Amino acid sequence: MTMLAAERIRTPGQDLVGACDGFDGEVVKARIAAFADQVERRLAGEITEDQFRPLRLMNGVYLQPHSYMLRIPLPYGMLTPRKLRALAHVARRYDKGYAHFTARREIRFDWPALADVPAILTGLAAVELQPAQASPGGIRIVAADHLAGAAADEIADPRPFTEILRRWSARHPELSGRPRQVRIAVTGSERDHGTASAYDIGLRLDRNDRRQLGFAVHVGGVPGASATLRGFLPADHLASYCTALLRVYDRHRQRPGKHRARLATLVHEAGAEAFAHEVEAEWADLKRTEPALPEATVETINARFAPPDLRARPESNEAVKLARLDSRFFGEWLARDTLAHHNPDYAVVVVPLGGASEASGDISAEQMETVAGLAARYGFDALRISPEQSLVLPHVARADLKAVYETLTAVGLAAARQDRGNHITDSRRHAGPQPIEETLHAREIRAA
């Protein structure tokens, strides 16, 4: 019996079987077709920018001073080689040869022509990427620890719980139309690898004295205002407790001048103990009345996040030892850009992006394709995005680390941080904010 099957998870409001399960290609295709028509009307001047704004935002398009920008969320911060190659294609064909990974586990294209956006969305839909948030109401993102399923100190894989929260938030009627979106993060280790404490709601997996799985619940997102609401929440009450928490949050926001206040701000003003007491009172009846998630759905969720078959690689230690002797730079890279894996024959490879600026997130199309190739050949097709805007290969055999290092070095992704910027394309370095007449296409200038 799997971890979640043994410990039933409750979900509020309704049976969530099939809720947002999978990628509905026909729905996405219809939405892109509708947006293509809206783009044509905007470029023809038939609708104003104010009228167009809500339409483009629903499709991940933002207007910057120098151009339109396209933002694509990456659920759980997870990618595959196929998806990363598709993103590289967009960067090369429709942008300036580069893209930017954000701290919110999204990828951003800064220079697409508005007229090209429907074609971009169509191409990304072919690999099941779309700009619409999985939880379009009041939950902006449900993020998992980027070391999920790999960290040496992991208590349990947090990804099944993020999926449960995603389904809960996508269908819950109380979460639509809220004035401020809430960010939730789940980490599965004693150490907060995913910086869950920086999110509005941070959940850290733990076990109590009876070995029961549960969460420490924190509210954060505002420096100096984070607080612990509950030291241990049994896992089978996760979603119902979050419902109670957000209900209390909404009551506090109804006070004059607090309409858009952050959760952590209101907790700080009310006092963590008093706020937590309100949540407990709200939750008291809710936890007894909410239905359990059906066993079949639990098993489906577990199967989605099944770990790869990590076969034994006993040659790993000797291979790494010889490679260290052969190259001082390889040894420095090991210390800087690899982390311990729960399987001693494997390691986690972190690929920081960008140049001299700390964790800038910039990456060229060539670099994306290179990392995609490494994930396919050495990393069980697994790729993640970290909150530090790095790419992560979570499962690499230590015996293969030298080959990975040499490939990354060839494209400037294993050099010391101050040298990495040399491999970003010239168009990226010289793009910069420019006058709108020089960057927008002619039809867009006329429409503006």
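Trainee: How is E269 classed by relative accessibility?

Mentor: At 40% relative accessibility, E269 counts as partly exposed. Please note that this is a predicted model, in which local features need pLDDT of at least 70 and side-chain atom pairs count only at pLDDT 80 or more, while totals for chains, interfaces and linings use all residues. Residues are numbered from 1 along each chain as its sequence is written, and side-chain values use heavy atoms, with hydrogens and water left out.

Trainee: With which residue does R255 form a salt bridge?

Mentor: A salt bridge is a side-chain nitrogen of Lys or Arg within 4 Å of a carboxyl oxygen of Asp or Glu. R255 forms one with E269, and the closest N and O atoms are 3.6 Å apart. R255 is in the loop between α7 (238-253) and α8 (263-270), and E269 is in helix α8, 14 residues apart. Helices (H or I, at least four residues) and strands (E, at least two) are DSSP runs, numbered from the N terminus.

Trainee: How many salt bridges does a search of the whole structure find?

Mentor: The search finds 25 salt bridges. One of them joins R304 to E163, with 3.0 Å between the closest N and O atoms. R304 lies in helix α10 (residues 295-304) and E163 in helix α6 (residues 159-171), so this pair ties together parts that are 141 residues apart in sequence. R304 counts as partly exposed at 37% relative accessibility, whereas E163 is buried, with a relative accessible area of 0%.

Trainee: Which parts of the chain does the salt bridge between R230 and E280 tie together?

Mentor: In this salt bridge the closest N and O atoms are 2.6 Å apart. R230 lies in strand β10 (residues 227-234) and E280 in helix α9 (residues 272-289), so the pair ties together parts that are 50 residues apart in sequence.

Trainee: In what order do the 5 strands of the open sheet lie?

Mentor: Strands of a sheet pair through backbone hydrogen bonds, either parallel or antiparallel. Two strands are taken to pair if DSSP finds at least two bridges between them. Here the order is β6-β7-β8-β9-β10, with mixed pairing. The edge strands, β6 (139-144) and β10, each pair on one side only. Strand β9 (residues 213-219) runs antiparallel to β10, and 5 bridges join the two. In β10, T228 is the bridge partner of H218.

Trainee: Which residues touch the most other members of the largest nonpolar core?

Mentor: A nonpolar core is a set of buried Ala, Val, Leu, Ile, Met, Phe, Trp, Tyr and Cys residues joined through side-chain atoms within 4.5 Å. The largest has 61 residues, of which L84, F101, W333 and L408 touch the most other members. Contact means heavy atoms within 4.5 Å. Not counting residues up to four places away in sequence, L408 touches several residues, including W333, V349 and V351. A second, separate core of 38 residues includes V186, L205, L233 and A235.

Trainee: Is E106 buried or exposed?

Mentor: E106 is buried, with a relative accessible area of 3%, and lies in strand β5 (residues 106-109).

Terms used
Buried means under 20% relative accessible area, exposed over 50%, partly exposed in between (1.4 Å probe, protein chains only).
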